Amino acid sequence: MSQATPSIAPDQKSMEDIVALCKRRGFVYPASEIYGGINGFWDYGPLGTALKNNIRDWWWRQTVECPPIGPDGEPLAIVGLDSAIIQNPKTWEASGHVGGFNDPMQTCHQCKKLFRADHVSSMLREAKWAQSLYEATDGLQHPSEECAAAAEQWAKKQGKKLAPGIEESHKDLKVLSPQIVLEVKTAIEDPLFEGSHTCCPNCGGSLTKPRAFNLMFESHAGAIQSEDNKVYLRPETAQGIFLNYKNVLDTMRVKMPFGIAQIGKSFRNEVTPRNFIFRSREFEQMEMEWFCAPDDAPKWYDFWKHERMRWWESLGIEKSNLRFRDHDDDELAHYSKMCVDVEYMYPFTSPGFGELEGVAHRGSFDLTQHQTHSGTKMEYFDQERQLAAKAEGKSKDEIDKLSKYIPNVIEPASGLTRAVLVLLCEAYTPDESRASKLVMKFKPRFAPIKAAVFPLVNKDGMPEVAHNLYKTLRNQHTVQMDAKQSIGKRYARMDEAGTPYCFTIDGDSLTDQTVTVRHRDTQAQERINLDKVPAFLDEHIKN
């Protein structure tokens with residue numbers, strides 16, 4: 001019996017090969033390709049759409065239809081929502097997106113990071129690498145060869161640890177020019193420096209001139225295009241949930257704590273979309289806002305942190321390829337009290353990790369902002385907490401404080417399209433023993449095609465038996481029938497598509513009513529009764 005293909009480390013996988021497979025087999029296509037494409041946008045082909053839908057349905061099932069069991073041993077209360085992509089523009093004023101995304105921005109030519117122009121000088125003063133570089137050049141006051149040599153020596157030793165973008169952005173470390181060193185000195189020494197220099201706080205590269213930049217796509221609702229009817233494509237799905245918080249409370253008979261979940265498209269005018277579908281301008285999100293009493297928020301933050309990791313592992317991802325990364329204080333959004341990322345070791349980040357999902361403690365910021373801007377009360381009266389406080393003999397002020405509050409929110413927010421990328425990277429397994437030279441080892445539940453049915457040859461009654469089996473299986477699973485080319489080439493096509501099981505009808509099938517089932521991961525084959533195939537597939541696809 002053939003052995004299972006061993007798992008391959010992410011750094012042994014080529015993103016170029018993965019992207020080529022996605023195009024060749026219909027997972028992901030460049031958008032508008034016949035017109036030369038459009039940067040930051042992608043189309044999902046037949047297999048990619050099926051894979052994305054399988055992930056989406058699993059998230060919805062595990063989040064809304066069959067929510068997790070809470071700390072008290074009872075199922076959580078989570079309801080679904082599908083809000084409009086375009087909301088009243090006041091939504092984005094209240095959330096901070098309009099003001100926060102309209103500042104003059106500068107982009108680094110080297111590491112491509114985007115910075116607010118008024119923050120550059122202060123960030124540079126605070127950067128550990130800037131102070132270290134300043135000390136390494138020993139107070140040299142003017143650009144010189146000596147200064148450049150000192151900067152290069154610093155970059156080779158301390159820089160790689162202190163400046164995340166140094167090694168990647170300055171492959172030839174001599175590009176840390178004397179001018180950069182001088183600008184670092186100026187920023188550190190002059191407290192009135194306004195950031196008109198071109199030095200990147202992340203890597204020391206040159207920055208573009210400050211320019212107005214908005215990450216939100218603008219449009220207009222109505223016949224006349226004017227400032228009065230300007231609208232935005234949503235940059236996140238979360239705000240639609242906050243806008244409907246009161247509606248859900250009034251119509252669904254939910255009580256604290258509870259969640260509202262949503263899957264949908266979001267749009268961000270990214271300066272540098274990159275790494276295939278990792279960072280694009282149109283993407284899909286899977287977000288859930290968990291509303292709870294303020295003093296319960298830390299408990300729920302910890303719960304959702306571990307629950308989300310468990311969910312990612314349920315997709316069949318190697319545990320060693322996943323990790324938590326807590327945000328430092330200077331990384332937190334202005335409204336966030338705590339935030340942790342679930343990270344994955346992508347081939348383009350290996351041996352490092354990249355963001356997959358964020359779990360944020362948003363406090364009461366969003367509901368408070370919408371209460372302030374809309375005039376709609378967002379407070380919640382918690383009768384159970386009121387009764388408990390009375391039973392404990394608390395004062396009236398204490399009872400009121402405990403039972404009437406604006407809920408805090410814990411937000412697990414992940415990208416559906418990024419989940420597709422993770423499963424493509426995780427499944428991609430080079431294997432020289434196969435005709436295809438690779439196999440996509442999707443967990444059967446998420447495979448775009450669950451099974452294929454082959455007549456060994458396209459004659460002698462085999463196509464008819466195969467077709468009858470195909471029609472039976474298609475009622476429950478996504479199945480393909482393929483009678484073209486040699487059996488080896490058909491296996492190769494299914495390996496590239498990630499199909500876990502292939503059923504072959506041969507000459508013996510007509511006499512003993514058995515078929516050969518081929519297992520994708522091991523290439524092992526066994527004979528089973530024809531009438532047992534539906535039950536076999538039902539059982540194995542659950543894995």
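Colleague: Is the crossing of H1 and H18 left-handed or right-handed?

Modeller: This is a predicted model. In it, helix H1 (residues 15–25) packs on helix H18 (residues 487–497). Leu21, Arg24 and Arg25 of H1 meet Arg493, Glu496 and Ala497 of H18. The crossing of these two helices is left-handed.

Colleague: At what angle do H1 and H18 pack, and how is that classed?

Modeller: The axes of H1 and H18 are 10 Å apart, at an angle of about 120 degrees. Angles of 65 to 115 degrees count as roughly perpendicular and those over 145 as roughly antiparallel, so a value between these ranges is oblique. H1 at about 120 degrees to H18 is therefore oblique.

Colleague: Which residues of H2 and H12 make the contact between them?

Modeller: Helix H2 (residues 46–65) and helix H12 (residues 297–314) pack at about 140 degrees, with axes 12 Å apart. That angle makes H2 oblique to H12, and the crossing is right-handed. The contact is made by Ile55, Trp58, Trp59 and Gln62 of H2 with Arg308, Arg310, Trp311 and Ser314 of H12.

Colleague: Which strands does H2 lie across?

Modeller: H2 runs at about 160 degrees to S9. The strands it lies across are S3, S9 (258–267), S10 (282–292) and S16 (408–415).

Colleague: Which are the edge strands of the open sheet of seven strands?

Modeller: The order in this open sheet is S3-S9-S10-S16-S13-S12-S11, with mixed pairing. Neighbouring strands are turned by 20 degrees against each other on average, direction ignored. An edge strand here pairs on one side only, and the two are S3 (78–81) and S11.

Colleague: How many bridges join S12 to S13?

Modeller: S12 lies between S13 and S11 in the strand order. On the S11 (residues 322–326) side, five bridges join the antiparallel pair; there arginine 323 stands opposite glutamate 343, and arginine 325 has aspartate 341 as its bridge partner. On the S13 (residues 354–363) side, tyrosine 344 stands opposite glycine 354. S12 and S13 also run antiparallel, and the number of bridges joining them is seven.

Colleague: Why is S12 largely enclosed by the rest of the structure?

Modeller: Strand S12 covers residues 338–344, seven residues in total. A residue counts as buried under 20% relative accessible area. S12 is largely enclosed because the number of its residues that are buried is six.

Colleague: Which residues of the largest nonpolar core touch the most other members?

Modeller: This core has 58 residues. Its largest share, nine residues, comes from helix H16 (residues 416–427). Apart from it lies another core of 20 residues, including Val79 and Phe258. In the largest core, the residues touching the most other members are Trp290, Trp304, Trp312 and Phe442.

Colleague: Is leucine 421 buried or exposed?

Modeller: Leucine 421 is in helix H16. Leaving out residues up to four places away in sequence, leucine 421 touches Met15, Asn275, Phe276, Ile277, Phe278, Tyr346 and Phe348. Its relative accessibility is 0%, so leucine 421 counts as buried.

Colleague: How far apart in space are leucine 421 and glutamate 384?

Modeller: In sequence, leucine 421 and glutamate 384 are 37 residues apart. From C-alpha to C-alpha, the distance between them is 44 Å.

Terms used: Residues numbered from 1 in each chain as written. Predicted model: local features only at pLDDT ≥ 70, side-chain atom pairs only at ≥ 80, totals over all residues. Heavy atoms only, no water. Buried < 20%, exposed > 50% of the residue type's maximum accessible area, 1.4 Å probe, protein only. Helix = DSSP H or I, 4+ residues; strand = E, 2+ residues; numbered from the N terminus. Pairing = 2+ DSSP bridges. Core = buried A, V, L, I, M, F, W, Y, C linked by side-chain atoms within 4.5 Å. Axes fitted to C-alpha atoms, helices over the stretch in contact; angles between N-to-C directions. Parallel < 35°, antiparallel > 145°, perpendicular 65-115°, else oblique. Left-handed = near helix turned anticlockwise from the far one by under 90°. Contact = heavy atoms within 4.5 Å.
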